[in-house]
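Hi,

Here is the structure I promised to pass on to you. Have a look at it first, and then read on for what turned up.

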Amino acid sequence: MPAISVIIPIYNSDEYIAGCIESLKRQSFSDFEAICVDDASTTNALSIAREAAAGDERFVFIEQEQNCGPSVTRNTGMDHASGTYIAFLDSDDQYVENAFELLITLAQKNDLDLIDFCATPVYESEDIKKIWHEQIDQHTPLEGVVSGTELFTHYQRYREYHCALYLHFFKRSLLTDGPLRLIEGIIHEDEVFSPFLHIRAQRAMLIQDQLYQRSIHANSLVTAPRGIYNVSCLVTVLKELESWLRVNAKNYDASFVDAFALRIWELRKILAEDILRCTPEELIEFQETLDADDLAYFNVNGIQLASNLQILANRKSWKIAQAISHIAHRARGIAIKDSYF
């Protein structure tokens, strides 16, 4: 059984995948397996990856017959993992050469369930950097071993929480203590997975070392235009987080509950901002897919919140969306007073 299982989802990353794999082959700590899951790439990414890993038995390749998205791909990787610890690596990113040595030494010395670390953003161009700037290179220090909930609370205290999977190094046993999987069929799935990972970790540590090189380029998922798909996925995420908090808040101290609730509020605000990016037609079409309960939730936590945010209230496009949304509700037979918006 290897010490570390690295999960690498692959999809059309021809330009980057060889460098990604080479960064693992350069690791000063060698006791790992790399589970490379190809999500039905339509380019030469898989063959490039196989060539880069040729002759190295630590690399295992799994091919999905159809494109299923990153959640399914990573879940597949975790299902095949046998290492004591799990790490994630996106196929356009790299680890620094001593990353695994540092992480496994620290984890074993302190019997850690989870280590969070920092990353170096590598921007394709200055234009990309202006559009998308990630704060992943440092955190406010937190010394010593703490619980995962204390670590999450620390992040929220300084507004530094980042849910990215690639910033975690954790025991595989955290996944099996009651199944923990990424929600499939959506993006923003790490907004659910990462908090629950922190909740399960009894012994955690935050380090300032930049062990990961994060490539941010024009084809990155994070730089893609946001819109109705983000809205749909965030509704799923928010419902999951709120449902958990209502049931479990009584089992945690007030500081963590407050931090968790703050994250829900932050995501609601992001949802409202994404709603504003949508056309009235997109909003109507999305509303028509919702049952009564989900429609009510979306109205309260999306439409209503966006309309009440002062920063959005005077935008013409939003007023149009309000009016069209109002009409859509009436078309569904839902009575709404004129003062609703």
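Let me start with one phenylalanine. Leaving aside residues up to four places away in sequence, Phe298 touches Val231, Val235, Ile275, Leu283, Phe286, Gln287, Leu290 and Ile303, where a contact means heavy atoms within 4.5 Å. A second, separate core of 44 residues includes Ile10, Ile17, Ala99 and Phe169. A nonpolar core here is a set of buried Ala, Val, Leu, Ile, Met, Phe, Trp, Tyr and Cys residues joined through side-chain atoms within 4.5 Å. Buried stands for under 20% relative accessible area, exposed for over 50%, and partly exposed for what lies in between, with a 1.4 Å probe and protein chains only.

Phe298 itself belongs to the largest nonpolar core, which has 56 residues; Phe88, Phe170, Phe193, Phe196, Leu241, Phe260 and Phe298 have the most contacts inside it. Helix 9 (residues 228–248) gives this core its largest share, nine residues.

Before going further, a word on the basis: this is a predicted model, in which local features need pLDDT of at least 70 and side-chain atom pairs count only at pLDDT 80 or more, while totals for chains, interfaces and linings use all residues. Residues are numbered from 1 along each chain as its sequence is written, and side-chain values use heavy atoms, with hydrogens and water left out.

Now the overall picture. The protein has 14 helices and eight strands; these are DSSP runs numbered from the N terminus, helices being H or I with at least four residues and strands E with at least two. Of its 341 residues, 54% are buried. Among contacts with a separation of 6 or more, 81% are between residues 24 or more positions apart.

Phe152 and Phe260 are both buried. Trp244 and Tyr252 also count as tilted, because their ring centres are 5.5 Å apart and their planes are at 45 degrees. Trp244 is buried at 16% relative accessibility, whereas Tyr252 is partly exposed at 28%. These four residues belong to one aromatic cluster, together with Tyr155, Tyr161, Phe196 and Phe256.

Strand 2 pairs in the parallel sense with strand 1 (residues 4–10) over seven bridges and with strand 3 (residues 59–63) over five bridges; pairing requires at least two DSSP bridges between two strands. Ile4 stands opposite Phe32, and Phe61 in strand 3 is the bridge partner of Cys36.

Enjoy exploring!

Best wishes

Methods: Rings of Phe, Tyr and Trp (its six-membered ring) pair if their centres lie within 6.5 Å; planes under 30 degrees apart count as stacked, over 60 as edge-to-face and the rest as tilted.
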